[in-house]
Amino acid sequence: MQYLFIPGRLPQLSEAELKSVLETFITAETTVNAKSDNHFLVRTDADQDDIVDVFQRLGGFIKLGIEIEDQESFLDLYTDNSNITFGISYYPYQGKKYSNIPSEFSHKIKSFYKAKGISSRYVKPDNNILSTGQILQREILTKGFEISLIEDRDGKVSAYNTLQIQDIEDFANRDYNRPGYDKEMGMLPPKLARIMVNLSCTRENGAIWDPFCGSGTILMEALMNGYNVIGSDISEQAVADTKRNILWLANTYDMGDQKYTAFVHDIRKFNSRERSDLRKTDFNAVVFEPYMGPPQKKILRPSKAETLLDEVSSLLEAAFIFFENVKKSNLIVVCVVPSYRTTEGWASLRYNSFLSKRWKIKGPKDKTKHLHWSRSNSIIRRNILIAELKR
Ligand SMILES: C[S@@+](CC[C@H](N)C(=O)[O-])C[C@H]1O[C@@H](n2cnc3c(N)ncnc32)[C@H](O)[C@@H]1O
């Protein structure tokens with residue numbers, strides 16, 4: 001079967017996430033075709049339910065569709081309804097803006113139902129593509145269906161039936177309605193936290209440690225995906241916020257029997273009791289965003305950025321030495337490494353300024369596909385580093 005995955009704002013990060021989750025959870029023969037940035041086609045022998053499960057784990061994708069092989073029999077599925085709402089999103093081949101294909105398609109659908117005495121309502125997108133918000137508001141998936149039309153380079157159009165859209169309200173709920181947060185320190189967007197958890201390729205029932213847990217965004221997203229979690233932070237307040245947020249999560253969502261623990265710990269302290277406890281703890285991956293200095297509102301002077309980067313670099317160096325000491329091998333670390341926008345362009349860290357030779361950098365084979373998260377006006381860009389401790 002062929003499935004359509006529509007990424008969110010940052011397709012390269014989403015592509016890496018999708019490949020990690022498919023590799024970790026799907027054993028059936030599967031290929032990802034990523035010819036265009038605005039959609040990915042996944043051909044697989046896996047069961048549909050397993051692909052829906054994969055989609056629900058993701059932070060970087062907004063829509064999942066399944067190829068419609070026979071359009072007539074697909075429309076027949078809805079003939080029991082007396083009133084149908086449907087939408088069409090059109091994904092043209094790169095660069096092309098306008099086409100009459102969606103309106104021709106909608107006319108065909110309307111006349112199909114009219115001939116059967118069924119009234120149908122077409123929700124037209126403003127700009128080729130219906131947003132997840134529109135699909136939700138107009139209840140398109142409960143009152144009918146959405147079809148995505150994908151045009152290939154030769155102008156051939158294939159149709160996909162939308163199975164799921166991203167639960168954006170749920171991500172927003174965890175972002176804004178949790179009881180504990182620290183605006184000063186800054187919180188990771190939950191979708192990015194989810195993507196980072198997924199990039200760690202942790203298997204079912206595995207455990208994830210966030211040693212800079214703040215108010216626990218990464219831990220919450222890891223728990224949502226069924227993992228056990230360990231959180232630590234130098235700040236007592238942060239650990240208290242994390243605990244409150246995890247309790248809120250457990251009361252708000254239907255969780256499994258995942259375990260969690262959170263404690264105060266300074267990652268630069270090598271002789272701590274926590275270090276010997278962590279040596280005995282079985283965790284599979286470390287996922288974190290380090291302290292990156294106070295929030296920045298203005299573009300920085302290069303010298304200021306250099307000072308901030310030096311501080312982050314020494315904190316990261318201490319953290320990676322700590323990880324080498326608590327875990328023997330095969331440990332995966334997924335972390336944010338900041339770049340700062342300066343009056344002379346972006347100032348960044350070289351990964352080998354804080355990583356010893358014991359670490360192998362993983363990530364997309366295509367080096368131009370740099371993984372990062374930012375907005376067009378951001379002062380800080382969050383680069384995503386994936387590193388594995390060699391044997
Ligand atoms: C950017 S915040 C993490 C935010 C978190 N990802 C969230 O979304 O809530 C960085 C955290 O690192 C913690 N921190 C700073 N220095 C530390 C150290 N040496 N060891 C452990 N934690 C530290 C801070 O207290 C802060 O909570």
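Entry 1. I began with lysine 327, which is buried, its relative accessible area being 16%. The model I consulted is predicted. I then looked up the partner of lysine 327 and found a salt bridge with aspartate 282, with 3.9 Å between the closest N and O atoms. This pair links distant parts of the chain, as the two residues are 45 residues apart. I located aspartate 282 in the loop between helix 11 and strand 12, and lysine 327 in the loop between helix 12 and strand 13. Aspartate 282 is exposed, with a relative accessible area of 61%.

Entry 2. I turned next to arginine 273 and aspartate 277, which form a salt bridge with their closest N and O atoms 3.3 Å apart. Both residues lie in helix 11, 4 residues apart, which is about one turn of the helix. I noted arginine 273 as exposed, at 59% relative accessible area. Aspartate 277 counts as partly exposed, at 33%.

Entry 3. I examined helix 1, which spans residues 11-25 and holds both glutamate 15 and lysine 19. Their side chains meet in a salt bridge of 2.8 Å, N to O. Is glutamate 15 buried or exposed? I found that glutamate 15 has a relative accessible area of 7%, so it is buried. Lysine 19, at 35%, is partly exposed.

Technical notes
Residues are numbered from 1 along each chain as its sequence is written. This is a predicted model: local features need pLDDT of at least 70, side-chain atom pairs count only at pLDDT 80 or more; totals for chains, interfaces and linings use all residues. Side-chain values use heavy atoms; hydrogens and water are left out. A salt bridge is a side-chain nitrogen of Lys or Arg within 4 Å of a carboxyl oxygen of Asp or Glu. Buried means under 20% relative accessible area, exposed over 50%, partly exposed in between (1.4 Å probe, protein chains only).
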